[in-house]
Structures are given as structure tokens and as C-alpha cells.
Amino acid sequence: MKRKGFWGISAVLLVSGFIFSFAVRAPFDEHKTIPIGSPAPDFSLKGVDGKTYTLSSFQNAKILAIVFTCNHCPTAQAYEDRIIQLKKDYENKGVDLVAIMPNDPKAINLDELGYTDMSDSYEEMQKRAAEKHFNFPYLYDGETQSVAKAYGPVATPHIFIFDAQRKLRYEGRIDDVEKPSKTPHTLDARNAIESLLQNKEPPVAKTKVFGCSIKWAEKGSWIEKAKIEWSKEPVKLETIDETGIKNLVKNNSGKLRLINVWATWCGPCVVEYPEFITMNRMYRRRDFEFISISADDPSKKDKVLQFLQNQQSSVSNYLFNIDDKYKLIDAIDTAWQGALPYTILIEPGGKIVYSKQGQIDVGEIKKAIVDNKFVGRYY
């Protein structure tokens, strides 16, 4: 998204496919952050529990914290447990907390999903909330982004804290350390809440925010541009023998390696193959690689290549070069019974940490990838 007067007012950092914002008081920004002292804009949004929430849903709270966060951002994920704990620590002190997901899911590039197993659709929000046992309402603003436009969050997560009169008293970061494994030096949000509970001014009213930029709807044209770029990527097919496959399984690449064994005559293989291409586009900027191995007859090389080209499979593609499929089975994994498709996830050094005979559960394998120590959810 282009911003007039952007440079010198705010800054953006591109890291591994992610756009991170440093907040940002840009007077010419189309989506300005509301100033301290502003009344809380009203809203009416659907939560992951199916209920509709408005500002008045929290009318009994002395203090209301509104956190703009999301599923896919590594910084947002890094703060999930802290947001849960914040709710626990203050819920009996008259403080309430609600989270709002501000992104348009259609505006999220695939390579911006490299640190997650879920994007930001409403259904994925429901899954994430259930998985993490969110103890606060998690609301979807991705359809119109009207609430995000009204509040003006810079990045996820961005917290806004309102007093009993619903005047904004603090906005910015939750604390000053992203990684959950490290100890924050300044607990900005907690400091603001503690001060307000004592009828004092927060020591700091606003801070900069480090996190993933808001995915505004106007960014949704990325897919057409991406399709053009993907179509330019070369698709090649090489033959491979037993020794070559055994070397692939040993995995001396230093990367987490996903291997899918498939065939053009295998219906489930053909149906699920696009999911592997999507995963490759999500994670290929990380320490990850996807390799496809066709179990077709070697004489069908042209047919295999045509399928791969149609799928835009610009990865390392192989065709087993002999017609003895049992040698292929033993070379891949002795635990494999032989049915296609067959998928394995291999850590550097050759340890198989995931295997599946038959069609994969896409969510399960994405989770296995980002939760693996060689990839991870955080920077």
C-alpha cells in the first residue's frame, strides 16, 4: 500500500516476505491511528463463537483493552499467550479484553504465510481460538475492515486501552520484546492498566508498534501479479535411481524436507498435489524445501512433465527411473506399505518426523512444518 509522505514519518521493514511496520504517526496515512483522548469508536462484529459483539457488550468494564491481532503474523503469534495471561490477570479487577482481526484474508500473499499453519479467514480464526483456548472474544473485521479503519492500528498486535468513559488512554505495543523466550524490559500495556486502576495517568500514553502491517483490501491485487511471476518459473523433471532417493531421504540439505510420492494415474495424488504447491509457496523462503517424486512408468516422462507444468511445480521434480516399484518403496521408507500418495517430512540428518499414506490433512502437515524446530513460528 502506498502512503503519501511515508518516508521520514514511518518506516517499513521487509523481512523474509513479511512487511513489518514501526508505528507510525503518519499525518498523510489513509488509515490514521486515533489520538489519545478519543472516544472508542463503536463496532458490531461477529466473534468466533458466532455471537455479535458491540462496544456496549463490554459496558460493565472499568477498563477495556482492544487488541488488533491475527492468526498468520509471527509477532501476533508470539504474543498470543501474553494476551491470554493479560486477560487472566485483570479479569477480576474490572478489566475486559477483546481481540479484533483486522486483515482482509484475500490481501495476504502466500509468502506472508511462511510462519503459520493458518491464514486469517473466519473459519481459521475459529480453529486458532479453539487450539489456543482463547479466553477473550475474537472478532472478525476482515470483510469490510470498517473497525480497523476507525481505530487505525498500524500492525498486529496493536493494543488500545480505554478508561471507564471509553476515552483512549494508551495505544501501542504490549511490551518491548517480541520473542516469548525472552523477558520484556518494559510492560507498557500492563503499566497503563495498573495506572488507570489507580486513577493515575499512564506513564506512557503511546508507543511505536513492531509487527506485521495491516493487510488492507487494496492490497488484494497481489494474486494476479503473483500468477504472472509463478508462470515464469521453470518446471523441470529429472530421473532418479535408488541411490539418489536414499540420498534425498538422508537429507543433508540443512532444511526441513517435504517429499511427496505420487503418480498421474493416482486420483488422490492429482487432487491433493496443488496443496503441496501452495505449501511450497508459503514456506520456501524459510529453511524448507518440497520435492516431488513420480512413481509413473519411466516411459511416461512427457506426461508427468506436462502435469507438473500445468501445476506450476517449480521445485525439484523426479521420476523414478526403473519399473520396480518395490525398490522405490524400500528406498523411500521401509515403513511405507506401498499405497499412493505417500508423504514424508524429514529433518536435516534423515529423521522422518511425519509420514502419511493416502491423502494428507493439509492443516496437520502445515502445523508439523511450522512447529518444527528447523522452521518455527517466530523470528
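Modeller: Contact here means heavy atoms within 4.5 Å, and the model we are looking at is a predicted one.

Biologist: Which strands does helix H4 lie across, and at about what angle does helix H4 run to E9?

Modeller: Helix H4, residues 188-197, lies across E5, E6, E9 and E10, and its direction makes about 5° with that of E9.

Biologist: What is the order of the strands in the open sheet?

Modeller: The order is E4-E3-E7-E6-E5-E9-E10, seven strands with mixed pairing. E4 and strand E10 (168-172) are at the edges because each has a single partner strand, which leaves one side of each without a neighbour in the sheet. On average, neighbouring strands of this sheet are turned by 30° against each other, with direction ignored.

Biologist: What makes strand E9 and E10 count as a pair?

Modeller: Pairing requires at least two bridges between two strands, and four bridges join strand E9, residues 158-162, to E10, so the two are paired, and they run antiparallel. Within this part of the sheet, Phe162 stands opposite Leu168 in E10.

Biologist: Why is Leu55 called buried?

Modeller: Buried means under 20% relative accessible area, and Leu55 has a relative accessible area of 14%, so Leu55 is buried.

Biologist: Where is the place of Leu55, and with which residues is Leu55 in contact, leaving aside neighbours within four places in sequence?

Modeller: Leu55 is found in the loop between strand E4 (52-54) and strand E5 (63-68). Apart from those neighbours within four places in sequence, Leu55 is in contact with Ala40, Pro41, Asp42, Phe43, Leu64 and Tyr151.

Key:
Residues are numbered from 1 along each chain as its sequence is written. This is a predicted model: local features need pLDDT of at least 70, side-chain atom pairs count only at pLDDT 80 or more; totals for chains, interfaces and linings use all residues. Side-chain values use heavy atoms; hydrogens and water are left out. Buried means under 20% relative accessible area, exposed over 50%, partly exposed in between (1.4 Å probe, protein chains only). Axes are lines fitted to C-alpha atoms, for helices over the stretch in contact, and angles run from 0 to 180 degrees between N-to-C directions.
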